[in-house]
Amino acid sequence: MERGRLTFLPRMTNDGLKLIAPRITPALDPMFRPASLATRAFREEAELSGRAVPVRIAIEQADGSIFHFVTNIFGADHPSAAGNFRYVERFLKFLLWSRGGYRIYFDGPKELHAELAAYYKDTGTGKFDADIMGGRIYEKPFDVVHTSEIPMAKESSAPLGRHLDGCRIGFDLGGSDRKVAAVIDGKAVFSEEIVWTPIAEKDPQWHYDQINDLLKRAAAHLPRVDAIGGSSAGVFVNSRVKVASLFRGVPPDVFHSRVKDLFLELRKEWKVPFEIANDGEVTALAGSMALRENAVFGLAFGTSTAAGYVTPDGNITTWLNELAFAPVDYNPNAPVDEWSGDYGCGVQYFSQQCVGRLMPVAGIEVDSALPLPEKLKHVQNLMEKGDYRARKIYETIGTYLGYAIGHYADFYDIRHVLILGRVTTGAGAELILNGAREVLELEFPELGRKVEFHVPDEKEKRHGQAIAAASLPNINA
């Protein structure tokens with residue numbers, strides 16, 4: 001960021017954290033205040049103050065993986081120290097949902113540690129993160145430890161999928177549709193997309209039957225089934241469901257007794273290698289396979305937001321990459337995620353929910369009870385007719401994306417960005433990409449020179465995700 005060009009708008013702060021107006025204002029969201037600009041400005045000002053206080057952070061997962069991060073804050077006597085808590089809290093929010101962990105090691109001012117510990121214990125948004133991370137995903141008590149003895153970093157990565165031999169079934173479970181493909185030696189011989197509404201369904205047997213029906217449809221087009229691979233929104237460990245929005249309607253006790261092992265039940269019924277992974281990971285894998293490149297960041301604009309990452313070595317990590325919950329807008333009055341109750345999270349910017357939110361702002365009126373996929377279809381139809389209101393929606397999303405990539409790049413080594421999902425279908429995709437490129441060129445020129453954007457062609461959209469999902473199991477293992 002160029003020094004000397006920052007303009008802080010009066011009273012535009014978030015608990016003392018100065019918010020920066022973007023050079024490119026989203027067409028339908030003039031109050032958007034990018035996380036990328038606020039964090040970079042905070043760090044730059046802290047460094048230039050000559051009295052920056054270093055803060056070391058480590059995040060621990062249940063398998064012993066430990067991720068290290070270092071940042072600077074202001075000394076307690078500096079006027080901008082009022083923003084220290086909000087800066088670190090939003091920083092930790094991103095770390096938790098990008099990396100994942102049940103324990104935070106904090107080496108910094110003890111007063112700030114006390115504020116953070118209270119945040120995760122006493123506030124609704126903090127408790128949501130703590131409960132999901134500790135109770136649901138890693139099944140350990142969530143903790144924020146104040147210590148100068150940060151444990152050593154320990155990270156691991158492993159190859160994902162890319163097994164194309166044999167007769168395979170690949171499926172993808174979204175919030176508004178379920179897709180399946182029959183694949184023989186890496187070529188799709190059948191694919192189908194079926195609309196469904198799983199989020200409100202309370203009976204896990206309904207989910208089981210719907211998914212099993214999908215598999216049977218594909219199996220009818222194969223001489224045999226050697227392996228099954230799937231992708232879905234959520235967190236999965238060894239094909240066990242930890243957290244998944246598709247099952248939000250299932251009561252907690254029933255979730256634990258039946259849903260957690262639902263895919264293991266399917267594996268037992270089909271009696272073949274069976275794996276399921278987060279849809280964001282499979283999105284990134286599909287992109288890496290199609291591009292024959294690594295350092296791929298995948299972002300799927302569906303009912304929610306899915307993200308995944310393939311490292312420069314072509315592997316995946318134990319990171320969560322659940323960026324639907326990661327903040328990209330620091331305006332405290334930003335749109336709120338209905339599940340976590342937090343503001344400015346990615347799900348409200350890169351999904352059908354975003355399209356639905358922006359429609360009335362753009363002057364597009366429809367029945368508010370209309371399902372999100374139908375609202376999206378309406379916008380897409382208007383876009384095909386050259387409607388300027390629909391165009392403004394896609395331009396706004398493109399601006400959002402550019403500033404979000406500026407933030408994501410602080411945590412990921414990104415060389416390729418792949419976007420897909422229903423929102424990117426049709427003429428609007430190019431507007432999204434053009435908007436993102438414009439932001440990078442103006443605000444983050446170093447990224448503009450480094451990052452390439454990609455949208456899969458129609459064939460790849462239909463088959464790429466399913467083929468990548470089908471490639472997950474190794475039938476020779």
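Mentor: The model is predicted, so local features need pLDDT of at least 70 and side-chain atom pairs count only at pLDDT 80 or more, while totals for chains, interfaces and linings use all residues. Residues are numbered from 1 along each chain as its sequence is written, and side-chain values use heavy atoms, with hydrogens and water left out.

Trainee: What makes E4 and E6 edge strands?

Mentor: Two strands pair if DSSP finds at least two bridges between them. The open sheet has the order E4-E3-E5-E6, with mixed pairing. Strand E4 (66-73) and strand E6 (143-146) each pair on one side only, and therefore stand at the edges.

Trainee: How do you know that E3 pairs with E4?

Mentor: Eight bridges join strand E3 (residues 53-60) to E4, and the definition asks for at least two, so they pair. The two run antiparallel, and Val-55 stands opposite Thr-71 in E4.

Trainee: Why is the second largest pocket called a pocket?

Mentor: On a 1 Å grid over the protein atoms alone, a pocket is an open set of points where a 1.4 Å probe fits, with protein on both sides within 12 Å along at least five of seven lines. Its volume, the space filled by probe spheres set on the points, is about 910 Å³.

Trainee: What makes a residue part of its lining, and how many are there?

Mentor: A lining residue has an atom within 4 Å of a point. The second largest pocket has 33 of them, with Phe-236, Val-237, Asn-238, Ile-316 and Thr-317 nearest its centre.

Terms used. Helices (H or I, at least four residues) and strands (E, at least two) are DSSP runs, numbered from the N terminus.
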